[in-house]
Each structure stands twice: as structure tokens, then as C-alpha cells.
Amino acid sequence: MSVHEIRHPLVRHKLGLMRSAKLSTRSFRQLASEVACLLTYEGTKDLELETYEVEGWCGTVQAERIKGKKITVVPILRAGIGMLDGVLELVPSAKISVVGLYRDEKTLEAVPYFEKLAHDIDERMALIIDPMLATGGTLVATIDMLKKAGCSTIRVLVLVAAPEGIAKVQQAHPDVEIFTASIDERLNDQGYIIPGLGDAGDKIFGTR
Ligand code: URA
């Protein structure tokens with residue numbers, strides 16, 4: 001299965017708090033980071049391990065570590081930045097590959113305007129972060145970009161996903177796994193997720 005709705009009580013509780021329209025910028029930001037951290041835990045559950053020997057207090061011990069080149073985190077500007085600290089709590093040495101896309105008014109396509117990827121992204125697992133998976137256009141274009149750069153293991157962490165966006169990503173990139181705190185009901189006419197969180201970028205940056 002390529003979509004995982006995380007039912008952990010801490011995730012449900014924190015997301016519930018984020019739904020309140022009265023929440024302060026500070027609290028929204030803090031919770032976005034905490035939920036991102038929990039999604040990272042779930043999204044990295046099956047990373048491959050290797051054993052190695054370490055000199056412990058009572059002699060040589062067999063220990064385990066994550067095998068090979070590790071992770072690059074890919075925040076999508078602007079709102080993805082709001083999840084970055086939470087992801088880095090668990091993978092502090094990850095490389096960060098930042099991407100920015102805008103929506104072309106004529107074609108309605110997502111067009112990249114900023115792309116600074118880890119130089120060895122083809123050897124890393126990419127964890128794309130963006131709070132809201134709405135229409136899926138931006139996410140599909142980001143995955144296209146990463147695959148073009150040679151990245152073959154891609155996972156997505158989103159706070160809330162709309163069924164329409166999930167379907168679009170699954171159709172274009174069935175190999176990509178999505179981890180979300182909630183699959184919500186639908187998109188409205190303006191492309192907002194219902195019930196969703198409102199404009200996550202504005203809430204994280206305090207610009208609403
Ligand atoms: N982006 C947001 O910030 N919120 C939505 O509901 C959809 C897209």
C-alpha cells in the first residue's frame with residue numbers, strides 16, 4: 001500500500017489541536033513540527049540496517065546502524081519549511097534539498113523556480129515534506145524533478161491529504177509512498193482541503 005494514514009493517538013491528538021481556527025502561530029508551528037517528527041518515525045520504519053562491532057563497557061558488542069547513504073529531506077517552499085525542524089529532530093545529519101514551484105496561470109501547471117538538491121541525491125532516499133497534499137500538482141512536479149536528478153527512493157510526509165491529491169500522485173508515481181496524519185474529505189472550489197487546516201503556509205509563517 002502506498003498511502004499510510006497514521007492512526008497513532010499522539011498524531012490524532014496533535015492534529016486535532018491544529019484544526020482550531022483560534023490556535024496561535026506559535027502553537028501551530030510547534031505542532032506542525034511535532035507531527036512532522038512523528039511522521040518521520042513512521043516513514044523511516046523500514047530503513048535497511050547493517051551490523052557492526054563496537055567496543056562496549058564489557059567487551060565487543062554487535063550493534064546496528066542504518067546502511068549506506070541516508071536521507072535527503074526535501075521541503076517544498078514555502079510551507080514545507082514548517083515541517084523541517086521536526087524531521088531533523090530524528091535525522092539530524094540529513095542533507096536538505098530545497099525546491100520551489102509556482103503555478104502557471106495559463107497552463108495551471110506547477111513550474112519549478114528554485115531547485116538546490118543534494119549533489120548525491122541519486123544515492124539517497126528523499127523525504128519530501130509539505131503540510132498539505134491538495135490537488136497534487138506541486139507534488140507530482142517535485143517528484144518528477146527528483147526522479148530526473150536520479151533519485152529512485154522517494155517518500156512523502158504531509159500533515160493532511162485530500163483524496164483527489166492522493167489519486168493524482170498515485171496515478172503519476174505509483175512507486176512513491178505517502179505518509180499522512182489524516183486523509184480528509186475533499187477539496188473545495190478554491191483548492192482548499194475540507195476540513196483541512198486552512199492556509200498552512202500563512203499559519204506557520206504568521207501571515208494570515
Ligand atoms: N494549501 C493549504 O495551505 N491549505 C489547503 O487546504 C490546500 C492547499
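**Before starting**

Residues are numbered from 1 along each chain as its sequence is written. The model is predicted: local features need pLDDT of at least 70, side-chain atom pairs count only at pLDDT 80 or more, and totals for chains, interfaces and linings use all residues. Helices (H or I, at least four residues) and strands (E, at least two) are DSSP runs, numbered from the N terminus.

**Stop 1: the annotated domain**

Select residues 7-207, where UniProt, in an unreviewed entry, places the feature "domain: Phosphoribosyltransferase". UniProt positions are given in the numbering used here, feature names are shortened, and annotations may be inferred rather than shown by experiment. Over residues 7-207 the chain is 33% helix and 31% strand, and the end C-alpha atoms are 30 Å apart.

**Stop 2**

Select residues 125-129, which form strand S8. Is S8 enclosed or open? Five of its five residues are buried, so S8 is largely enclosed by the rest of the structure. A residue is buried if 20 or more other C-beta atoms lie within 10 Å of its own, exposed if 12 or fewer, and partly exposed in between, with C-beta atoms placed from the backbone. Met125, Leu127 and Ile129 point one way from S8, while Ala126 and Ile128 point the other way.

Valine 156 in S10 is the bridge partner of isoleucine 128.

**Stop 3: strands S2 and S3**

For a contrasting view, select residues 49-56, strand S2. Of its eight residues the number buried is zero, so S2 lies largely in the open. Strand S3 (residues 59-66) runs antiparallel to S2, and eight bridges join them. The hairpin between S2 and S3 passes through two residues, and glycine 56 stands opposite glycine 59.

**Stop 4: helix H4**

Select residues 137-148, the twelve residues of helix H4. From its first C-alpha to its last H4 reaches 17 Å, close to the 16 Å expected at 1.5 Å a residue; the expected span is 1.5 Å times one less than the number of residues. Which residues of H4 are buried? They are Thr138, Leu139, Thr142, Ile143 and Leu146. These cover an arc of only 130° around the axis, which puts them on the same side of H4; the arc is that of the directions from the helix axis to the C-beta atoms. After H4 comes glycine 150, whose phi is positive, near 100°.

**Stop 5: helix H5**

Move to residues 163-172, helix H5, in which Gly165, Ile166 and Val169 are buried. Seen down the axis of H5, its buried residues fall within an arc of 100°, so they line one face of the helix. Ala167 and Gln171, on the other side of H5, are exposed.

**Stop 6: the ligand and the annotated binding sites**

Select the ligand, which is surrounded by Met132, Ala134, Gly191, Tyr192, Ile193, Gly196, Asp199, Ala200 and Gly201. A residue is near a molecule if its C-beta atom, placed from the backbone, lies within 6 Å of it. The shell divides into five nonpolar, three polar and one charged residue. Ala, Val, Leu, Ile, Met, Phe, Trp, Tyr, Cys and Pro count as nonpolar, Asp, Glu, Lys and Arg as charged, and the others, Gly among them, as polar.

The unreviewed UniProt entry has a "binding site" annotation whose residues include Arg78, Arg103, Met132, Ala134 and Asp199. Arginine 103 lies in strand S6 (residues 98-103) and is partly exposed, with 14 other C-beta atoms within 10 Å. UniProt also places a "binding site" feature (unreviewed entry) at Ile193, Gly198, Asp199 and Ala200. Glycine 198 is in the loop between strand S13 (193-194) and helix H6 (200-205), and it is partly exposed, with 17 other C-beta atoms within 10 Å.

**Stop 7: two pairs across the chain**

Select alanine 181 in strand S11 (residues 177-183), a buried residue with 27 other C-beta atoms within 10 Å. Its C-alpha atom is separated by 14 Å from that of serine 2, 179 residues apart along the chain.

Finally, select arginine 26 in helix H2 (residues 25-43), which is exposed, with 9 other C-beta atoms within 10 Å. Arginine 26 and glycine 206 are 180 residues apart in sequence and 8.4 Å apart in space, C-alpha to C-alpha.

Definitions and conventions. Pairing = 2+ DSSP bridges.
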